[in-house]
Amino acid sequence: GRVPVIAGAGSSDTAVAVENSRALAAAGATHLLHVSPAYSKPPQRGLVAHFRAVADASPVPVMLYNVPGRTASNMDVDTTITLAEHPNIVGIKEASGNMAQIAEIIRRRPAGFVVLSGDDPLTLDVMAHGGEGIISVVSNAVPSAMHALAAAAAAGNSARARARHDQLTPLFSAAFVESNPIPIKAALAMMGRIRNVLRLPLVPLDDRHAILLRAALVTAGALEA
């Protein structure tokens, strides 16, 4: 009960997404993150129907997750704003990488609808446009630094936020030299936090990227030189 827990409950099968929602809410999740259905590439009206069905059935509030690089379909601005009017849909993790699209969502959203960046490098830009924060990859390795960046941006301290952003920029890049979560798991292993074990078809980071990743962790203050 100390912090909210946003559990990933998404599925390309709407019925399974509904089942996941009920099970995770029963397990104690306070919110659910639902990614757009992958591979099937539904039209925009299909996305509306999918998310409305999920939100209607969910016992807890739902956050949308738009990540075209993983799902092969983009949830456009009109679709997001339509879904934002649903009383049980409270926000979106926007990982389209399209700042014009994200800014338009922020401009048109109803009161109380939260817009979070889904891309670490865009955190500053999204928050400068009025977004509330970031669902972050690199925060798995440097949570305090990412919190400091977001907190400074939220407080309007652009100089401090920019300094944090610049310090973390090498890690933002290194964390995606191969598909997430391969690099961030390698980073955590370098830091002595985990064993670098992944489930197939993911494989450990290619050795040729290790020097770059280690240097980025040093710059970010997560490792000593």
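At 25% relative accessibility, N20 counts as partly exposed, a label for values between buried (under 20% relative accessible area) and exposed (over 50%), computed with a 1.4 Å probe on protein chains only. That residue is a friendly place to start a walk through this predicted model, where local features need pLDDT of at least 70, side-chain atom pairs count only at pLDDT 80 or more, and totals for chains, interfaces and linings use all residues. Residues are numbered from 1 along each chain as its sequence is written, and side-chain values use heavy atoms, with hydrogens and water left out.

N20 sits in helix α1 (residues 14–27). Helices here are DSSP runs of H or I with at least four residues, strands are runs of E with at least two, and both are numbered from the N terminus. Although N20 and A9 are eleven residues apart in sequence, their C-alpha atoms are 5.4 Å apart in space. Setting aside residues up to four places away in sequence, N20 touches A9, G10 and S11; contact means heavy atoms within 4.5 Å.

Helix α2 (residues 44–57) contains Q44. With 25% relative accessibility, Q44 counts as partly exposed. Its contacts, leaving aside neighbours within four places in sequence, are N74, M75, D76 and T79. Q44 and I106 are 62 residues apart in sequence, and 19 Å separates their C-alpha atoms.

**The chain as a whole**

How many helices and strands does the protein chain have? The secondary structure comes to ten helices and six strands. The C-alpha atoms fill a box of roughly 50 × 40 × 35 Å along the principal axes. Buried residues make up 45% of the 225 residues. Among contacts between residues at least 6 apart in sequence, 61% join residues at least 24 apart.

**How the helices pack**

Two packed helices are described by the angle between their axes and the distance between the axes. Axes are lines fitted to C-alpha atoms, for helices over the stretch in contact, and angles run from 0 to 180 degrees between N-to-C directions.

Helix α7 (residues 143–154) and α8 cross at roughly 145 degrees, and their axes come within 8 Å. The crossing of α7 past α8 is left-handed, meaning that the near helix is turned anticlockwise from the far one by less than a right angle; clockwise would be right-handed. On the α7 side the contact is made by A145, M146, A148, L149, A152 and A153, and on the α8 side by R160, A161, R164, H165, L168 and F172. These residues divide into nine nonpolar, one polar and two charged. Here Ala, Val, Leu, Ile, Met, Phe, Trp, Tyr, Cys and Pro count as nonpolar, Asp, Glu, Lys and Arg as charged, and the others, Gly among them, as polar.

Helix α8 (residues 158–174) also packs with helix α10 (residues 210–219), at an angle of about 155 degrees and with the axes 8 Å apart. That makes α8 roughly antiparallel to α10; angles over 145 degrees count as roughly antiparallel, under 35 as roughly parallel, 65 to 115 as roughly perpendicular and the rest as oblique. α8 passes α10 in a left-handed crossing. Q167, P170, L171 and A174 of α8 meet L212, L213, A216, L217 and T219 of α10. This contact has seven nonpolar residues, two polar and no charged.

**Details in the loops**

Which residues does H209 touch, not counting residues up to four places away in sequence? H209 touches V177 and E178. H209 lies in the loop between α9 (182–190) and α10, and at 12% relative accessibility it counts as buried.

| Site | Feature | Value |
|---|---|---|
| N180 and P181 | cis peptide bond | omega about 15 degrees |
| L200 and P201 | cis peptide bond | omega about 15 degrees |
| Y39 | positive phi, not glycine | phi near 70 degrees |
| A72 | positive phi, not glycine | phi about 75 degrees |

P181 lies in the loop between α8 and α9, while P201 is found in the loop between α9 and α10. Y39 lies in the loop between β2 (31–35) and α2, and at 77% relative accessibility Y39 counts as exposed. A72 belongs to the loop between α3 (68–71) and α4 (77–84); with 48% relative accessibility, A72 counts as partly exposed.
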